[in-house]
Amino acid sequence: MKDLIIIGAGPAGFTAAIYSLRAQLDVLMLEKTGPGGQIALSDVIENYPGYSEISGVELMQKFEEQAKKFGLVMESAEVTAVEDHGEKKIVKTTSGDHECKAVIICSGAKPRKLGVPGEQEFTGRGVSYCATCDAFFFKGKDVASVGGGDTAVKESLFLSKMVNRVEVVHRRDALRAEKIIQEKAFASPAINFNWDSVVTSINGENSVESVTLKNVKDDSEKELPVQGVFVFVGILPNTDFINIVEKDEGGFIKANDKMETSVPGLFVAGDARVTPLRQVATAVGDAAIAATSAEAYIESLE
Ligand code: NAP
């Protein structure tokens, strides 16, 4: 039986591995689609301390190399369920079951996509799902910001301090976001609202040049010239495989400040948990705590 299984090979997973391997635990990491996680899709990262500019792929290669230096064993498998049998956990995968004493869930989350032409083509080259990560690259430009929830409005406010103009595109005529941030957005001269509208395509030759909007009330169409599109229509956690821990209404796993879930021996770190910020820096911090908590839990069993 392994001491610890880490589910997911993104920033949280590799950090959990580095800490737990240095604590001499017997660790196995399971990963579905290959190492790196969401951050490997980022062209440039400028807000992870220690690297003034690095690509997501390169940063994750460094994380992986460091974990492997301490003897990390990785296996490519999709986790389908986690069973709690008290001091023994069973992690079920598409290529067999694994027994362990503790599990750290680092399975991350993914932004909900618009699913329109041009979105995939321009992702990382004009289409972004994170203003904190990418606003800087659109300094002085005009951008569209899609969605009407807390994330869309907060990120639009963040963008408005950097870009020339933010064109918010929302499918209804009222925002879902908290009133207090709505008021701030309405007061900003750099933010314009396109109500009752959806993006039907993202257009351009080599980079984004415009979006086509459809008014859902009268079906009219218009072309909005923008150089970037920020999509904030919700975040989907990769937590469907685990139904024995408490989650919030969005499916994110609840944890206390030791990263303990509602089930003893199951821990969570990074984007899959309920957290106010989803960044490499926060995933790394979570995972250091989760690994330390898992180590203490495993010791308590002996
Ligand atoms: P959200 O609350 O689910 O909002 C998603 C927004 O996208 C909604 O306005 C929704 O429109 C729109 N939308 C969904 N699917 C769409 C589609 N296919 N096409 C166009 N628009 C679409 O997601 P979120 O803003 O990421 O927030 C997630 C959770 O985190 C929420 O509980 C939120 O309160 C919380 N949060 C809190 C803070 C904070 O500082 N307190 C900050 C960020 C997030 P409708 O309004 O018409 O449904």
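Two strands count as paired if DSSP finds at least two bridges between them; strands (E, at least two residues) are DSSP runs numbered from the N terminus. The model on display is predicted: local features need pLDDT of at least 70, side-chain atom pairs count only at pLDDT 80 or more, and totals for chains, interfaces and linings use all residues. Residues are numbered from 1 along each chain as its sequence is written, and side-chain values use heavy atoms, with hydrogens and water left out.

**The sheet**

Select residues 197-203 (strand 12) and 210-215 (strand 13): these strands run antiparallel and are joined by six bridges. They form a hairpin with six residues between them. Within this pair, valine 198 faces lysine 214 of strand 13, and isoleucine 202 stands opposite valine 211.

The three strands make an open antiparallel sheet in the order 12-13-14.

**The ligand**

Then display the polar contacts (pairs of N or O atoms within 3.5 Å). An oxygen atom of the ligand lies 2.7 Å from a polar side-chain atom of threonine 151. For arginine 171, a side-chain N or O atom is 2.9 Å from a ligand oxygen. At glycine 149, a backbone N or O atom lies 3.2 Å from an oxygen atom of the ligand.

Methods: Helices (H or I, at least four residues) and strands (E, at least two) are DSSP runs, numbered from the N terminus. A polar contact is a pair of N or O atoms within 3.5 Å; within protein, one must be able to donate a hydrogen and the other to accept it, and residues adjacent in sequence count only if both atoms are side-chain atoms.
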